[in-house]
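Open the model in your viewer and keep the sequence panel beside it. We will go from stop to stop, selecting a few residues each time.

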Amino acid sequence: PRGWLRSQLLTQAEGVAGYLDNSMFPGAPYVSTSLWIGGDGKAGGDPTPTDQWLPYWANGMVPAAALLRAAGVAQADVASGVTARVEAVMEYVLAHANATSGWVGPAVNEPGDKYGHGMWDPLNILKALMAYGEANPAAELRAARAVVAHLVAANALLESGDPVTGWMSTRWPTFVEVVHDVVDRYLPRYGDDRAVMPLGREATTTALLGAAAIMASKGFSWRDYYHRNATASEQGGGKHFPSGAVPDWNVYDHGVNNAEGALKWPSVGYRATGRQEDANQMDVVLAMMGEYQGQPAALFSADEVFAGRQPERGTETCLVVEAMASLELAFTTFGAGELYDRVERLALNAMPAALDATMWANVYVQQANSVFAGVSPNPEDDGDARASGQIRHSEDRAAASEAVRPPRCSVCGAAAAPGRARGASARALRSDDAPSGEDLQANFFGVSHFPCCLTNFPQGWPKFAQHAFVEGATDKREVVVASLVPASASLDAGDFRTDSKYPFGDDATVTVDAREDVMLYVRIPSWADGATVDGLSVVAGALFGVTCDKGKRTTVKVELHPEVKVEYGWGAHGVNISTVEYAAAGASVPVADPSSDFDAPFGGSRAGDGYKDIRSGNPGDSKDALILHPLRGEGHYLTQAEIAFRYAAGYTPRQGDPHKQGTVARFVVLDEVTREELATSAWSAPLDEFSFDNFTSYSEPVTLSVDLAGSKRVPNARLLLLALRFRDNQRNVQIPVGKGSLGMSVRVGWSEDVSPEPVPPPSPWTVPPVNGAVVTRGPLVFSLRPASTTKVTRNYSSIEPSRPSAADYEINATEPWNYALILGGEGEDDAANGNLVFDPTPSAGWSESLAWSREEYPMRIKARARRLRPWGYYGKSMVMSPPPSSPYSCSLPVAGGDSDCGDEVEIELVPYGSTAVRVTTFPWIEASAAPA
């Protein structure tokens, strides 16, 4: 690495990652007291046994130390001293491998692992050992022996019937990747060395590839999951790829498992079979992720589990680095330039955004739209700990099963404070809209997050740097410049160097001093429509070949000529749920399908096959079960709204315990846009006579009727919604939903006469698509960076040994951020027409040594914009509400009669990675509709 990339690696080594192995501030003991280096391992052992943290850390810091040494950084020049200690860690691991079995490291949970850690935890150490051997020739033979011996031992376990469950069931492609790497790297060099290949060349290779095949056959079927064909194999887990946000934690919808497992599966599958059909699965995986979970900078959203397309939903930092690693492997496997476009979109946007500029703090999740990085109030702000959105840490599955997403936005638009969501922006039938516990509580910058991201992020920058140049798999005289970042490499075929400031500059010079005849390929990014090589136009997305003669120096001048572009269509897709249409005789409302009829938390049911139970929540909660079929009354008055349901009550007191007050419920009519409560039934009697815990049966039907008599009838010119509202006192209830006799029923009726309220024209959408706009230039995504304040919330410097930079802090925007861009729309050139103006001048204090500073910027884009007053926060939280649907019309009035759009102003957009709080996915106003 050279230039700014070298500075990034040095900053990483001198930041938090450089102190995790010798410190005790929160997060550090997971590494510094690890079983892998002779510690007691207690920090990482609960609630399920694991010691994955030091392997995570080593997988990043071993290559980081090697790259810094290659870049001429002496160990003494690294303030943390970590580059020397990394070698000591690797030597300890090598010295303590099991001499009998060959197993490397602590054999946690093996044999008979039921958590999936036993097989998976060591894989990152195996990668680290291979990197250590590559960088230290004197250690390579010992590293090769240890890695192969471990895999042979793993094969013996698998052949004996050892289970592949939990984490390993979804991350099995990493095991296969390691096996393939060992066969590629060590077989040619050590195939005849019995000390490395204990069974001999052929038998050892057979054992290793056999282990990979067993692992793939026992592991989760990513093919069935992404093709939504989960019944096709026992490994399908009964799961299909989700079309939106997932409410409950599980290993299959887990974002990091998809980044590491699903994104890697096509590469290892193709390597194993050579079949084009397996290679084609890469396109399937990426298409599904983009269509249903896509995010502009972070590939896809998953704040633990998949979270949908809304820009306020989070992406876990582990996901970012694992997706980078999987896509880097995919590029080296398939050679498709578009794959490395995706690597750069992650590396040059989401990766720096996950950390502060000094790399002393990380976020657990980042959001494309987030103007508060801290612990947010709950959207309902009812003071209940459970309702505030508990974080579903991946290691605490028992707790995770009780931790549900906070309620949907029942308060949006209800007497909201200025800047809070109301009006069109509060219109949310999407379950994707509601923030999770991670979105609310885990986007602060600090060291005290759950340790997976703290220990795993260090692999991001080193592996990105390692892939700047890629050798041909079968011919070392073929070399690909995968990225034009500043870097150099001394390879078998010659010495290669890229001089550039990319992505902060648009040009690069590649110099080759060839020791052999070399075919150099330069990846031309897909966005570089005007790119030239040595003055000649080249095809965007291609690998451009240049012949470099042996014994000569070849210089290649690449000019990318990036343009400012606008990507439309970001945010949630439109929802076109069926409405209940006016009928003179009244109508029944569909309430038999949990997946399409409700926005509500569901759990298991005792009603039998085909049923699921609405779960009202936990004691003390107040939640709605929203029926997702708006009433379209054509202007008639709603005169009847009645629901009948059965229940069973949870949290039953034990015999002899005091009585617990049961849940009460009422049936409410809501305005579909504002969610204002327009009419309601009386509260039910306490629902506590039929126990779910000591189950014998569900109750007889409970009927609730909304009082719509006389003057209380509700005009149904605009769409109306119905919801069953719960107040959970000391118990909760479960209500069966299904097509049989135990399911609920809802009936509505209308008057013959029509209200004077005008009927809005029908829309093709129940909820229109967000159709947000994202501004890009080259590989960089641009965001609004509002002025903000930073407050330290916890300082850990008093923990010995003292690390003054170890702290948690929150960042809060202090100036307006709710802007809509003024744009031309699809097909228009907003840079040419002046809506977006690029300024290449960096701020006065910007430098390559701290390239992703939150106070400076390397370049900016000036944009025309207007404030959208209705766009605000989600309920009473500090999480932004979804952007209004675009193109936005400024003709809608708000309270007081003012326009909902402010005057036109100029705002500045800076690179996404230069922001801690940001707006990235914007609503937009058509330039032709903006006032002159």
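## Salt bridges

The structure holds 43 salt bridges. The model is a predicted one. We will visit a few of these contacts. Side chains of opposite charge can pair when their charged atoms come close.

Select E140 and R189. Their side chains form a salt bridge, with 2.4 Å from N to O. This pair ties together distant parts of the chain: E140 sits in helix α7 (residues 137–159) and R189 in helix α8 (residues 166–190), 49 residues apart. Is E140 buried or exposed? E140 counts as buried because its relative accessibility is 10%, and the cut-off for buried is under 20%. R189 is exposed, at 53% relative accessible area.

Now select D278 and R223. Their closest N and O atoms are 2.6 Å apart, in another salt bridge. Here too, distant parts of the chain are linked: D278 belongs to helix α13 (residues 276–279) and R223 to helix α10, 55 residues apart. D278 is buried, at 5% relative accessibility. R223 is partly exposed, at 25%.

Together, R223, R275, E277 and D278 make up a network of salt bridges.

Next, pick K476 and E471. This salt bridge spans 3.8 Å from N to O. K476 is partly exposed, with a relative accessible area of 38%. E471 is also partly exposed, with 26%.

## Two loop stops

Select N229. This residue lies in the loop between α10 (222–226) and α11 (255–262). N229 is partly exposed, at 35% relative accessible area. N229 and F241 are 12 residues apart along the chain, and the separation is 9.3 Å.

Move on to V485. Look in the loop between β9 (478–481) and β10 (487–491). V485 is buried, with 0% relative accessibility. Which distance separates V485 from R2 in space? From C-alpha to C-alpha it is 8.2 Å, although V485 and R2 are 483 residues apart in sequence.

## A negative patch

Select D492, E516, D517 and D549, which form a negative surface patch. Stop at E516. This residue lies in the loop between β12 (507–514) and β13 (518–523). E516 counts as partly exposed, at 34% relative accessibility.

## Buried strands

Go back to the cartoon view and select strand β31 (residues 720–727). Of its 8 residues, 7 are buried, so β31 is largely enclosed by the rest of the structure.

Now colour two partners of β31. Strand β24 (residues 622–632) pairs with β31 in the antiparallel sense, over 7 bridges. In this pairing, S622 stands opposite R727. Strand β27 (residues 664–671) also runs antiparallel to β31, over 8 bridges. Here V664 has R727 as its bridge partner, and A665 has F726.

Stay with β27. How many of its 8 residues are buried? The count is 8 of 8, so β27 is largely enclosed by the rest of the structure. In a regular strand the side chains alternate between the two faces of the sheet. Show the side chains of β27 to see both faces covered. V664, R666, V668 and L670 are buried on one side, and A665, F667, V669 and D671 are buried on the other.

Next, follow β27 to strand β28 (residues 677–680). The two are antiparallel and joined by 3 bridges. V668 stands opposite T680. This hairpin has 5 residues between its strands, and R675 takes a positive phi near 65 degrees.

Select β22, β23, β32 and β26. These 4 strands form an open sheet in the order β22-β23-β32-β26, with antiparallel pairing. At the edges are β22 (602–603) and β26 (648–650), each pairing on one side only. Zoom in on β23 (residues 612–615) and β32 (residues 732–737), which pair over 4 bridges. K612 has V737 as its bridge partner.

For the last stop, select β7, β37 and β36. This open sheet has 3 strands in the order β7-β37-β36, and the pairing is antiparallel. The edge strands are β7 (372–373) and β36 (788–795), each pairing on one side only. β36 and β37 (residues 807–813) are joined by 7 bridges. Finish at V792, which stands opposite Y809 in β37.

Methods. Residues are numbered from 1 along each chain as its sequence is written. This is a predicted model: local features need pLDDT of at least 70, side-chain atom pairs count only at pLDDT 80 or more; totals for chains, interfaces and linings use all residues. Side-chain values use heavy atoms; hydrogens and water are left out. Patches are made of residues with over 30% relative accessible area and no salt bridge: like charges are joined within 9 Å, nonpolar side chains (Val, Leu, Ile, Met, Phe, Trp, Tyr) within 5 Å. Accessible areas come from the Shrake-Rupley method with a 1.4 Å probe; for residues, only the protein chains shown count as cover. A salt bridge is a side-chain nitrogen of Lys or Arg within 4 Å of a carboxyl oxygen of Asp or Glu. Lys and Arg count as positive and Asp and Glu as negative; His and the chain ends are not counted. The place of a charge is taken as NZ of Lys, CZ of Arg, CG of Asp or CD of Glu. Buried means under 20% relative accessible area, exposed over 50%, partly exposed in between (1.4 Å probe, protein chains only). Two strands pair if DSSP finds at least two bridges between them.
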